[in-house]
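Here are my notes on this model, for you to check against the coordinates.

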Amino acid sequence: MTASFVLVSGGYTGGWLWRDVAAGLRAAGAEVHAATLTGLGDRRHLAGPGIDLDTHIEDVTQLIDHIDAPEVVLVGYCYGIYPSVGAADRRADRVSRLVHLDSPMPQDGYSMIDQVREQMPDGPARDRTLAQQERAEDGWRIPAPSLEEWRAHGNLAGVSDEALTRLARLASPAPAGPYAQKVRMSEAVAALPTTGVFCTTGGTMDIAALEALVASGLPLVQHLADPRATFFDMATGHWPMLSVPDELAGVLLRAAAGEGHRLTAATA
């Protein structure tokens, strides 16, 4: 059966981010739908102070509802994993696999900002993320980074100057509300097959580090040893759809087929 992908990007971006990856997936026979969340990308004109995580969850849910394929592979990149898990919770029967692409692991009752504050290691990246809310214009609109800010802080390993220029040109301000709203998930999400994709150049996690956490007995990650959970490392920066789009398309196709590294559960 031909795979059907729903691709959800993170802050400042939209469906345009997936252009080259979508081309690779379609060349392999897959169906591709790239979401643009309300207030971002070519929907930036719809931005407003009332946009929250529920708005973005509904965006993804409606996209799934309007796809004829019985099931989709739902890919959440960076912040995009939060509306993805919210939509997966509403439409678990339509999601064959949930892919975390260089993204956090959302927890019920936590916002993205909560998780950054409590779980992200101290350092410049954490400080910049937490400061985003303070930079918001009119209390709700976070300005898009400048080209210089992208170069300095974007973890853009492997991204060409042409792709970086396009990223800076098309990046839109981001509504602050979705980052601060706590996500709610039921056991329906936990029951889905999942794949984690780690971008290891400049990143803070890879398969080896995750295996060590599972082996340590840390309760939060024990469910990742489920045989339906698979993992991939990619030796690139945080923007694989720009740096290695063909490789990313291949990884997503393999994930859809249930391939990837599997973890061993901690022994008693």
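**Notes on the predicted model**

1. Thr61 sits in helix 2, which spans residues 53-65. This is a predicted model. The relative accessibility of Thr61 is 1%. The cut-off for buried is under 20%, so Thr61 counts as buried. Beyond its neighbours within four places in sequence, Thr61 is in contact with Ala87, Arg90 and Arg91.

2. Ala87 leads on to helix 3, where it is one of the buried residues. Helix 3 covers residues 81-90 and is mostly covered, with eight of its 10 residues buried. Besides Ala87, the buried set holds Ile81, Tyr82, Pro83, Ser84, Val85, Gly86 and Ala88.

3. What do the buried residues of helix 3 pack against? Among the strands, the partners are strand 1, strand 3 (72-77) and strand 4 (95-101). Among the helices, they are helix 2, helix 4 (112-119) and helix 9 (187-190).

4. Helix 1 runs over residues 19-27, and its buried residues are Val21, Ala22 and Leu25. Viewed down the helix axis, these buried residues fall within an arc of 100°, so they line one face of helix 1. As a reminder, an α-helix has 3.6 residues a turn, so residues three or four places apart point the same way.

5. Which elements cover the buried residues of helix 1? The cover includes strand 1 (4-8) and strand 2 (31-35). It also includes helix 11 (240-243) and helix 12 (245-256). Strand 1 also packs against the buried residues of helix 3. Just after helix 1 comes Gly29, with a positive phi of about 95°.

6. Two residues deserve a look at the backbone. Asp138 is not a glycine, yet its phi is positive, at about 60°. Asp138 lies in the loop between helix 5 (124-135) and strand 5 (141-142). Its relative accessible area is 64%. The cut-off for exposed is over 50%, so Asp138 is exposed.

7. Asn155 is the other residue to check. Asn155 is not a glycine either, and has a positive phi of about 45°. Is Asn155 buried, exposed or partly exposed? With a relative accessible area of 28%, Asn155 is partly exposed.

8. Ala235 belongs to the loop between strand 8 (229-234) and helix 11. Ala235 is exposed, at a relative accessible area of 69%. Leaving out neighbours within four places in sequence, Ala235 is in contact with Thr200 and Thr201. Thr201 is 34 residues away along the chain, but its C-alpha atom is 5.6 Å from that of Ala235.

9. Now the whole chain. The chain holds 12 helices and eight strands. Its radius of gyration is 17 Å, close to the 18 Å that the globule rule gives for 268 residues, so the chain is as compact as a globular protein of that length. The C-alpha atoms fill a box of roughly 50 × 40 × 35 Å along the principal axes. Of the contacts with a separation of 6 or more, 75% join residues 24 or more positions apart.

10. Of the 268 residues, 49% count as buried. The chain exposes about 11,900 Å², of which carbon and sulfur atoms supply 52%. There are 21 positive and 33 negative side chains. The centres of these two sets lie 3 Å apart.

Key
Residues numbered from 1 in each chain as written. Predicted model: local features only at pLDDT ≥ 70, side-chain atom pairs only at ≥ 80, totals over all residues. Heavy atoms only, no water. Helix = DSSP H or I, 4+ residues; strand = E, 2+ residues; numbered from the N terminus. Rg over C-alpha atoms; globule rule 2.2 N^0.38 Å. Buried < 20%, exposed > 50% of the residue type's maximum accessible area, 1.4 Å probe, protein only. Contact = heavy atoms within 4.5 Å. Areas by Shrake-Rupley, 256 points an atom, 1.4 Å probe, with all protein chains shown as cover. Lys, Arg positive; Asp, Glu negative; His and termini not counted. Charge placed at Lys NZ, Arg CZ, Asp CG, Glu CD. Arc of directions from axis to C-beta.
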